[in-house]
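Subject: Structure handover

Hi,

Here is the structure I promised to pass on. Please open it beside this email and follow along.

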Amino acid sequence: MASKHDAGPVGPVVSSAHLAQSSLPALSEVEFALTMTNHAFHRWMVRCMVAAGGPAMSPLEVLIVHLVNHRERPKTLADICLVLNVEDTHLANYATKKLAKAGLVKVGRTGKEKTIAITEAGAALCTRYGEVRERLVVRAAAHLGIDAEEMSRLAALLRALSGSYDQAARSAAAL
């Protein structure tokens, strides 16, 4: 008599089998992979920033300093929240205050709107982060042998799924 522990076909790799019992079990696999990837990516960002010589930061602070450095143009808090899909503006505002206190960004104004710009120290830190990232993550990812176009298609799929989850969240809030 076979037991449930005998070798045999393994179902989808998920964290919640009851959610995989749906009309699209593969979505549960994606959700579990996103959960694992999200946590690993957050750990990576925080540790990479320290390895680059930066202060201890939250994942959101790391994302914000890189975004503010992007294209060397000041960003508004609304820009930051929109691009990073941050719903809680106060979290982004708090993060920018901490980054300003650390000397990585500077706060200014354009009219009545608060702007956040990168400082020389912040830009230098982003450059060092990029160097550590290249040595540790980019090289490892390249060794996986995944085609760059395939990675771009995956990124597009994940952005599309984020829209589905955002719309579902709005619908769920209206129930």
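A salt bridge is a side-chain nitrogen of Lys or Arg within 4 Å of a carboxyl oxygen of Asp or Glu. Keep that cut-off in mind for what follows. Note too that this is a predicted model.

**Salt bridges**

Side chains of opposite charge can pair when their charged atoms come close. By the rule above, the count comes to three salt bridges.

Start with Arg-153 and Glu-149. Their side chains meet in a salt bridge, at 4.0 Å from N to O. Both residues lie in helix α7. They are four residues apart, about one turn of the helix. Arg-153 is partly exposed, with a relative accessible area of 48%. Glu-149 is exposed, at 55%.

Arg-153 has another partner, Glu-150. Here the closest N and O atoms are 2.6 Å apart. Glu-150 and Arg-153 are three residues apart in helix α7, so about one helical turn separates them. Glu-150 counts as partly exposed, at 38% relative accessibility. Shared partners join Glu-149, Glu-150 and Arg-153 into one network of salt bridges.

Now look away from that network. The side chains of Glu-61 and Lys-98 also meet in a salt bridge, at 2.9 Å from N to O. Glu-61 lies in helix α3 (residues 59-69) and Lys-98 in helix α5, so this pair ties together parts that are 37 residues apart in sequence. Is Glu-61 buried or exposed? Glu-61 counts as buried, because its relative accessibility is 4% and buried means under 20%. Lys-98 is partly exposed, at 36%.

**Helix α7**

Go back to α7 for its dimensions. The helix covers residues 148-174, which makes 27 residues. From its first C-alpha to its last, α7 reaches 40 Å. That is close to the 39 Å expected at 1.5 Å a residue.

Check the start of α7 as well. A side-chain oxygen of Asp-147 reaches to within 3.2 Å of the backbone nitrogen of Glu-149. Glu-149 is also the residue that pairs with Arg-153 through its side chain.

**A nonpolar patch**

Which residues form a nonpolar patch on the surface? They are Leu-34, Leu-154, Leu-157 and Leu-158. Together they have about 320 Å² of accessible area. α7 gives the most to this patch, with three residues. Leu-34 sits in helix α2 (residues 25-51). Leu-34 is partly exposed, with a relative accessible area of 34%.

First, find His-90. It is in helix α5 (residues 89-101). Is His-90 buried or exposed? His-90 counts as exposed, because its relative accessibility is 55% and exposed means over 50%. Now find Met-57. His-90 and Met-57 are 33 residues apart in sequence. In space they are 17 Å apart, C-alpha to C-alpha.

Then find Thr-76. It is in strand β1 (residues 75-76). Thr-76 is buried, with a relative accessible area of 11%. What does Thr-76 touch, leaving out residues up to four places away in sequence? Thr-76 touches Glu-113, Lys-114, Thr-115 and Ile-116.

Over to you.

Best wishes

Note on methods. Residues numbered from 1 in each chain as written. Predicted model: local features only at pLDDT ≥ 70, side-chain atom pairs only at ≥ 80, totals over all residues. Heavy atoms only, no water. Helix = DSSP H or I, 4+ residues; strand = E, 2+ residues; numbered from the N terminus. Buried < 20%, exposed > 50% of the residue type's maximum accessible area, 1.4 Å probe, protein only. Contact = heavy atoms within 4.5 Å. Expected span 1.5 Å × (residues − 1). Polar contact = N/O pair within 3.5 Å; in protein donor to acceptor, adjacent residues only side chain to side chain. Patch = residues over 30% accessible without salt bridge, like charges linked within 9 Å, V, L, I, M, F, W, Y side chains within 5 Å. Areas by Shrake-Rupley, 256 points an atom, 1.4 Å probe, with all protein chains shown as cover.
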